[in-house]
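Hi,

Here is the structure I promised to pass on.

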Amino acid sequence: MRFVDPRPHHDCQVLVIGSGAGGATTAAILAEAGHDVLIVEEGPWVEQGSVVPFSLEQMDRQYRAGGVTVALGRPSIAYTEGRCAGGGTEINSGLYRRPSEGTLERWRRQTTIADFTDDEFYAACDEIEIALSVQTVPGRHTPASERLRDGAAALGWAHDEIPRWMSYPAGGDASTGKRESMTRTFLPRAAAAGAAMLVEHRVERIVRDRDRAFRAELTGPEGQPVTVDFDVVVVCGGAIQSPALLQRSGWRGLVGKGLAVHPTVKLSARFDAPVNVVDDVPVHQVKEFSPDLSFGGSASQPGLVALSLSDHWPLMRDAVTSWRDIAVYYAAITSEGRGRVTAVPAMRDPLVTYRLTGRDRALLGQGLARLALVMLEAGALEVYPSFRDAPIVRKRADLADATAMFRAATASVMTVHLCSTVPMGEDRTRAATDSMGRVHGAENVYVNDASLLPDAPGVNPQASVMAIAMRNARRLAERLT
Amino acid sequence: MTPALRPHPAATIVTGAAGWLGTALMHALTAPASPWHREGVIRPLVTNRVEADALRALGERIEPVIGDLTSPATLVPLGAGLTGVVDVLHTAGVIHPRTIADFEAINTGGTMAMLALAEQIGARRFVHVSSNSPFGTNAHPGDRFRNDEPYHPYFGYGRSKMHAELAVFDAVERGLDAVIVRPPWFYGPHQPPRQTTFFTMVRRGKFPIIGRGDQMRSMVYVDNLVQGLVRAELVPTPAGRGWWIADARPYAITEIVETVGRALTAEGFEVTPNRTRVPALVGRVAEFADGVIQRTGRYQQQIHVLGEMDKTIACDIEVARIELGYDPEIELYEGMRRSIRWCIERGLEL
């Protein structure tokens, strides 16, 4: 990577803020089209492989706020964001799924996105899949993944393996994969085409003259003020940071209002043999109830197992010693609720709120119970649902107690898929940017990340984020030439 | 391919034979023109002499036994002196009881007593009629219960029917060949008076549609249920299986009310268009009240039914189609017309 030395002032043609799935893609496309690109990233550059995936060290170095931030509501929803070069792509599960044609059609209609064709979108997916070597596991899966698959199969429920952006050595199995994250793919591509990168610099504000922005005000690693002047700025900080930055810079309106997530509830399951793989996650998902409900496996290193047992610690703590036989799983829903991101003066992080609907709450309960049933069918000896005072489930009859006691308000609800806070489209009553991500009411300010999706895709969103980023970056490259 | 059926048993024991489903089943097993007509002894369990006499009229091989599910000694004659293959069709149950204690005593205790009897006489197969209630309600109108679902019992009835299912699985563990059919809300001839009230409410335009009315309900026409029940008896599946037995698809509440209205009109009734909409809140209040009342050991039918009316209870019958060859022939409109005609023939006021 071509890192720029810290200086008080930088100039560039295009400033890309953020280097995750949206920002890295944007930077590579624009640089390859011959534009002068500077990428600014708040977090550090951490080489893939230098920290253990899903470890506490990784949380500390590569996640925002040490791993967990919270959207307030009843219940509050914990969420995680990457804060490093490559953003979320460095730390997530690497699961890749194209959104359906139905989803694309829904998006097109919802905010009236112009010139948004399936052909162009899926052609971008084709490119991304090659660039990230998206594939299924060539050899054996992890035991936790196989258990989920077997449980679903025993119930006759639809399930499949989600491909990942991973490369494997010849004859390798699930544990040998190397994540083809942005620091290994699109960021080097951007650098090869001449893009420069400034890490550990946080953008505080974009300075504007009426509708035209011209400068970004940053804070450097030592707390020093830094400025960057640009012709065009593309904000790719993710669905929380992008709207917060726009709001701090004076663009409000619909910005930050439509936060969409896939709320998830968790459980852990103890089997009669080791299933825990500390540095990998299952790749199977149960799709029987898709898109309303999806079940999959979560990171399960010992600390996270303990965390999942903490909702009823006195009852469940003894299980911790068997953590090798335990894996954590989630039930995710497509939510009808919406949330809001609001920048608060003098506060570093925005206020995030999210409101689940009655249907969402009921679905979380039904999802958790169905997931527990999958676990029993997979041979789990004990299932530990993650809600306050939850009972241990050992047999089907126990599910009646668990379902009777479940309240969404006391569940540990979390999410990793955040989107839709700056939706794109021509309909200004619903969209905050035009159909290519240019902020309504701004001449040269673009957004190009998960914020643009009109709602949550119901599947792992990185394919959607990158394909839209690629499309919009190409349009922008043409416009700038 | 439709699975082949085993030969009829030499004797069939039918509990709840004077009930809604039981009566329909007895007719189906004995009427010469019925596709489910069978030879051999049939021993229906009834609660009194009037019911026994009515069933005896169906033929000499019908040997009613007057007994009480909560008193196992009274059930012994059901199995006495039978030779050859015996099947047990356990349709008895209480859905709107006097007190909550009746739920467990009859639905759970009665099932355990019948399971013990079936084990004693070495029954070929025991078919237990369960319900949707052990599984609660769907989270939203688009959801469908799959064949296998986690238990989430709906109040006292649901708990007692769940306990009955668990007793069936225990018996299977002990070696009994028992299976379960799970019908949702049923309709059709031989209906009890509360269903007549339903027709009357619809005819007067007074059926309370709670909320948007898009909540879905699986229903089963009683003859469809008879088909599913007999197939569950005669198809040689593994023991311990359970199947949803319902009409081909669930119906929206608004569709149910509209279809019943059409059926009544077609049968010559004057039907007032239904405009009785009730805010969703009323359903939630009724559900809450139902819970409070049931915790005190009592039961209030109207409150219970109202509390359930804003819920989706919808199931998927695909596995029954595949494993049993179950094919529900009657849909809502035709089923309701037959049901209304049955009421008219019996001079019931709608």
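Below is what turned up, going from the whole chain down to single residues.

A word on conventions: this is a predicted model, in which local features need pLDDT of at least 70 and side-chain atom pairs count only at pLDDT 80 or more, while totals for chains, interfaces and linings use all residues. Residues are numbered from 1 along each chain as its sequence is written, and chains are lettered from A and ligands numbered from 1 in the order in which they are written.

Let's start with chain A as a whole. It has twelve helices and 25 strands; helices (H or I, at least four residues) and strands (E, at least two) are DSSP runs, numbered from the N terminus. The radius of gyration of chain A is 22 Å, close to the 23 Å from the globule rule for 481 residues, so chain A is as compact as a globular protein of that length. That radius is taken over C-alpha atoms, and the rule is 2.2 Å times the number of residues to the power 0.38.

How much of chain A is buried? The share is 57% of its 481 residues. Buried means that 20 or more other C-beta atoms lie within 10 Å of a residue's own, exposed means 12 or fewer, and partly exposed is in between, with C-beta atoms placed from the backbone.

Next, the domains. Chain A divides into domain 1 (9-45 + 84-132 + 180-256 + 419-480) and domain 2 (138-176 + 263-415), with bounds from an automatic or database domain assignment. Their centres, over C-alpha atoms, are 30 Å apart. 17 residues of domain 1 are in contact with 17 residues of domain 2, where contact means that C-beta atoms, placed from the backbone, lie within 7 Å.

Now for the inside. The largest nonpolar core has 253 residues; such a core is a set of buried Ala, Val, Leu, Ile, Met, Phe, Trp, Tyr and Cys residues joined through C-beta atoms within 7 Å. Helix α10 (residues 358-377) of chain A gives the largest share of this core, eleven residues. Ala372(A) is among the residues with the most contacts inside the core. Leaving out residues up to four places away in sequence, Ala372(A) touches several others, including Leu267(A), Val383(A) and Pro150(B).

17 residues of chain A are in contact with 13 residues of chain B. On the chain A side, α10(A) supplies the largest share, eight residues.

Helix α1 (residues 21-32) of chain A is worth a click too. Its twelve residues reach 17 Å from first C-alpha to last, close to the 16 Å expected at 1.5 Å a residue, the expected span being 1.5 Å times one less than the number of residues. Eleven of its twelve residues are buried, and what covers them includes β2 (14-17), β3 (37-40) and α12 (462-480) of chain A. Just after α1(A), Gly34(A) takes a positive phi of about 95°.

Is Pro314(A) buried or exposed? Pro314(A), found in helix α9 (residues 313-316) of chain A, counts as exposed because it has 7 C-beta neighbours inside 10 Å.

Cheers

Technical notes
Contact = placed C-beta atoms within 7 Å.
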